Amino acid sequence: MKDEPKGPGALALGWWKRNIEPRDMPAAKALSSRLRRAAPLAVLCEPAVQDLARGLSLGPAQADRLVQLAVLLAEVRDHTPERLARRLGGAEPVLSSLRFQRLIRAEGEDLTDLLRRALSMADRRCNVAALAADILHWEAARPRWCFDYFGAEAPV
């Protein structure tokens, strides 16, 4: 049986499980802390981040997206089946509709900051693979986030 190539979300989830999730391991805790506090160039200087870049086939042209991904993955504590937008919204949203609209419209560092706050409001729990895939393909993910936040099923 041939191994199927993994998508970017699955690759990022595997990286997160090895490098960020084992919070009882000093190396994982230290890496997570450094990534959450580091400037963009310092994030790119982390060997683990370069491993992530190789796994996802990201190069210098995607450095901003790689930094954003690594920083946000460092914020997540628990992998759950539920997507972040679904955790933020629904019948009793933890993130107001106006703040959600601001997040959806955000770009660059503003998007990173708003997603960090959103992760905190969602108890730092979400589907890591879905979050990673969405960050890497943010323009395509925005409409799905709207459907997830408001609890509607996206049309196929």
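Modeller: I start with Phe100, which counts as buried because its relative accessibility is 2%, under the 20% cut-off. The model is a predicted one. Phe100 sits in helix H7, residues 97-105. Leaving aside residues up to four places away in sequence, Phe100 touches Leu95, Trp145, Cys146, Tyr149 and Phe150. As a distance for orientation, 31 Å separates the C-alpha atom of Phe100 from that of Ala48, 52 residues away along the chain.

Next come the charged side chains. Side chains of opposite charge can pair when their charged atoms come close. Over the whole structure, the search gives twelve salt bridges. One of them links Asp148 to Arg86, with 3.4 Å between the closest N and O atoms. Asp148 belongs to helix H10 (residues 138-149) and Arg86 to helix H6 (residues 84-88), so this pair ties together parts that are 62 residues apart in sequence. Asp148 is buried, with a relative accessible area of 9%, whereas Arg86 is partly exposed at 25%.

Helix H10 also contributes Arg144. The side chain of Arg144 meets that of Asp134 in a salt bridge, at 2.1 Å from N to O. Asp134 lies in helix H9 (residues 128-136), so here the tie is between parts ten residues apart in sequence. Arg144 has a relative accessible area of 29% and is partly exposed; Asp134, at 4%, is buried. Through salt bridges that share partners, Arg83, Arg86, Asp134, Arg144 and Asp148 are joined into one network.

Another salt bridge is formed by Glu46 and Arg34, whose closest N and O atoms are 2.7 Å apart. Glu46 is in the loop between helix H3 (40-44) and helix H4 (47-56), while Arg34 is in helix H2 (residues 26-37), so the pair connects parts twelve residues apart in sequence. Glu46 counts as buried at 13% relative accessibility, and Arg34 as partly exposed at 41%.

Finally, some acidic residues on the surface form a group. Asp64, Glu109, Asp110 and Asp113 gather there in a patch of negative charge. Helix H8 (residues 108-121) supplies the largest share of the patch, three residues. Asp64 comes from helix H5, residues 63-75. Asp64 counts as exposed because its relative accessibility is 67%, over the 50% cut-off.

Key
Residues numbered from 1 in each chain as written. Predicted model: local features only at pLDDT ≥ 70, side-chain atom pairs only at ≥ 80, totals over all residues. Heavy atoms only, no water. Patch = residues over 30% accessible without salt bridge, like charges linked within 9 Å, V, L, I, M, F, W, Y side chains within 5 Å. Areas by Shrake-Rupley, 256 points an atom, 1.4 Å probe, with all protein chains shown as cover. Salt bridge = Lys/Arg side-chain N within 4 Å of Asp/Glu carboxyl O. Lys, Arg positive; Asp, Glu negative; His and termini not counted. Charge placed at Lys NZ, Arg CZ, Asp CG, Glu CD. Helix = DSSP H or I, 4+ residues; strand = E, 2+ residues; numbered from the N terminus. Buried < 20%, exposed > 50% of the residue type's maximum accessible area, 1.4 Å probe, protein only. Contact = heavy atoms within 4.5 Å.
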